[in-house]
Amino acid sequence: MNLSKKSRYGITALIDLAVYARNQCVQLSSIAERNKISVKYLEQIFSGLRRAGLVKSIKGPQGGYLLAKSPESITVADVIYALDGSYLLEDERSVVSGADEKGISTAIQKLLIEQMNNQTDKLLKQLTLKTLVDSSLEYSQSGQEMYYI
């Protein structure tokens, strides 16, 4: 299982948006610059996020992007699903077709795939953008207070 670059950048951009768009729209060029992500790639990402109803765009000279929902109501599962589709492991029974492997594939499906999918789904649906924003701010502040001699 691998978190795609698109999902990683999408989560990063949403954290940035939640921090900087409290009182005004944020332009993609600002997000791109702060996070060293291509503006073209962010345009693709934000297109998917907008279709999923996670962000909204405002046109015009003072335009940009805002969160369409509160950070408490956006989950990591929402973001990954909007950008990559399902994040769950493929059903083992659809991979194995031989009759001899039926018991093996059922055991793998029940004891491994379903367990991993349940835990992954639970984690990604519980982890909100607000939690990521709060942790990000906390980690960045604690890093600034360190002194080296």
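Author: The answers below set values against definitions. The model is predicted: local features need pLDDT of at least 70, side-chain atom pairs count only at pLDDT 80 or more, and totals for chains, interfaces and linings use all residues. Residues are numbered from 1 along each chain, and side-chain values use heavy atoms, without hydrogens and water.

Reader: Why is α1 called roughly perpendicular to α3?

Author: The axes of helix α1 (residues 5-20) and helix α3 (residues 39-51) cross at roughly 80 degrees. Angles of 65 to 115 degrees count as roughly perpendicular. Therefore α1 is roughly perpendicular to α3.

Reader: What makes the contact of α1 with α3?

Author: Contact means heavy atoms within 4.5 Å. Residues of α1 in the contact include Tyr9, Ala13 and Leu17. Those of α3 include Tyr41, Ile45 and Leu49. The contact residues divide into 9 nonpolar, 1 polar and 2 charged.

Reader: Why is the pair of Tyr9 and Tyr41 called edge-to-face?

Author: Rings of Phe, Tyr and Trp (its six-membered ring) pair if their centres lie within 6.5 Å; planes under 30 degrees apart are stacked, over 60 edge-to-face, the rest tilted. The ring centres of Tyr9 and Tyr41 are 5.7 Å apart and their planes stand at 80 degrees, so the pair is edge-to-face. Tyr9 lies in α1 and Tyr41 in α3, 32 residues apart.

Reader: Why does Tyr9 count as partly exposed?

Author: Buried means under 20% relative accessible area, exposed over 50%, partly exposed in between (1.4 Å probe, protein chains only). Tyr9 has 24% relative accessibility, so Tyr9 is partly exposed. Tyr41, at 22%, also counts as partly exposed.

Note on methods. Axes fitted to C-alpha atoms, helices over the stretch in contact; angles between N-to-C directions. Helix = DSSP H or I, 4+ residues; strand = E, 2+ residues; numbered from the N terminus. Parallel < 35°, antiparallel > 145°, perpendicular 65-115°, else oblique. Nonpolar A, V, L, I, M, F, W, Y, C, P; charged D, E, K, R; others polar.
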